[in-house]
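User: I would like to learn how to read side-chain and helix packing in a model. Please take me through a few features in turn.

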Amino acid sequence: MDGRRFRVHSDDVTKATHEALERRGVTNEDIAKIVLDMQLPFNEGLKIEHCMESVESVLRKREMQHALLVGIELDELAEQGKLSRPLQQIVGSDEGLFGVDEMIGLGAVLTYGSIAVTTFGHLDKNKTGIIHELDTKYGGQVHTFLDDLVASVAACASARIAHRTRDLEEQGKTFEDLAPEDTAPETYVEGAET
């Protein structure tokens with residue numbers, strides 16, 4: 001097949017991303033809880049539904065989808081012992097000096113600006129919510145990449161809300177005035193989707 005002419009439809013990539021997260025036991029609500037924890041002190045009226053909308057918007061971005069699909073695939077291959085040596089041992093044990101997992105997560109946050117980058121660093125260090133659970137290495141599962149990628153999604157969703165907060169402040173409003181489906185700052189920009 002000629003790779004230059006074949007394109008995977010966006011719906012297929014989105015579906016595969018959701019299925020991969022579900023397979024690994026991560027829900028949008030798990031990520032949204034982290035976002036709510038990060039943003040609630042700064043956002044009057046913020047609800048979990050606003051955070052869920054923001055997480056879903058981030059998960060529609062191709063950069064994030066690709067990062068998640070690659071990282072989850074590598075975690076699963078490591079669980080099955082299918083990576084070559086020494087990569088199998090490095091990924092399987094989440095070796096401390098192996099920074100590729102953080103670099104994929106960091107690369108995925110760059111489209112959301114410096115606030116997403118600093119939030120990612122905070123979440124990578126403090127490992128709250130589902131990130132902590134994934135990093136704990138229980139039950140023989142490998143989450144070398146997934147814990148960092150979930151932190152990346154949460155950081156991006158949090159950054160989106162922070163940017164929306166500024167928009168609302170300038171209009172004299174708060175999240176109390178905003179329906180969750182209108183969380184995206186791009187909601188009323190023709191042609192913009194996320």
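User: Which residues does Gln65 touch, not counting residues up to four places away in sequence?

Analyst: Contact means heavy atoms within 4.5 Å. With residues up to four places away in sequence not counted, Gln65 touches Val13, Thr14, Thr17, Leu59 and Arg60. This is a predicted model, where local features need pLDDT of at least 70 and side-chain atom pairs pLDDT 80 or more, while totals for chains, interfaces and linings use all residues. Residues are numbered from 1 along each chain as its sequence is written, and side-chain values use heavy atoms, with hydrogens and water left out.

User: Is Gln65 buried or exposed?

Analyst: Buried means under 20% relative accessible area, exposed over 50%, and partly exposed in between (1.4 Å probe, protein chains only). Gln65 has a relative accessible area of 1%, so Gln65 is buried. Its place is in helix H4; helices (H or I, at least four residues) are DSSP runs, numbered from the N terminus.

User: How do the axes of H1 and H4 cross?

Analyst: Two packed helices are described by the angle between their axes and the distance between the axes. Axes are lines fitted to C-alpha atoms, for helices over the stretch in contact, and angles run from 0 to 180 degrees between N-to-C directions. The axes of H1 (residues 10–23) and H4 (residues 62–79) come within 10 Å and cross at roughly 45 degrees. H1 is therefore oblique to H4; angles under 35 degrees count as roughly parallel, over 145 as roughly antiparallel, 65 to 115 as roughly perpendicular and the rest as oblique.

User: Which residues of H1 and H4 make the contact?

Analyst: Among them are Val13, Thr14 and Thr17 of H1 and Gln65, Leu68 and Leu69 of H4. The residues of this contact divide into seven nonpolar, five polar and three charged. Ala, Val, Leu, Ile, Met, Phe, Trp, Tyr, Cys and Pro count as nonpolar, Asp, Glu, Lys and Arg as charged, and the others, Gly among them, as polar.

User: What about H6 and H9: how do their axes cross?

Analyst: The axes of H6 and H9 come within 8 Å, crossing at roughly 20 degrees. H6 is therefore roughly parallel to H9. Residues of the contact include Ile104 and Ala108 of H6 and Leu149 and Ala155 of H9. Six of the contact residues are nonpolar, two polar and three charged.

User: Are Phe98 and Phe145 buried or exposed?

Analyst: Phe98 and Phe145 are both buried.

Methods:
Helix = DSSP H or I, 4+ residues; strand = E, 2+ residues; numbered from the N terminus.
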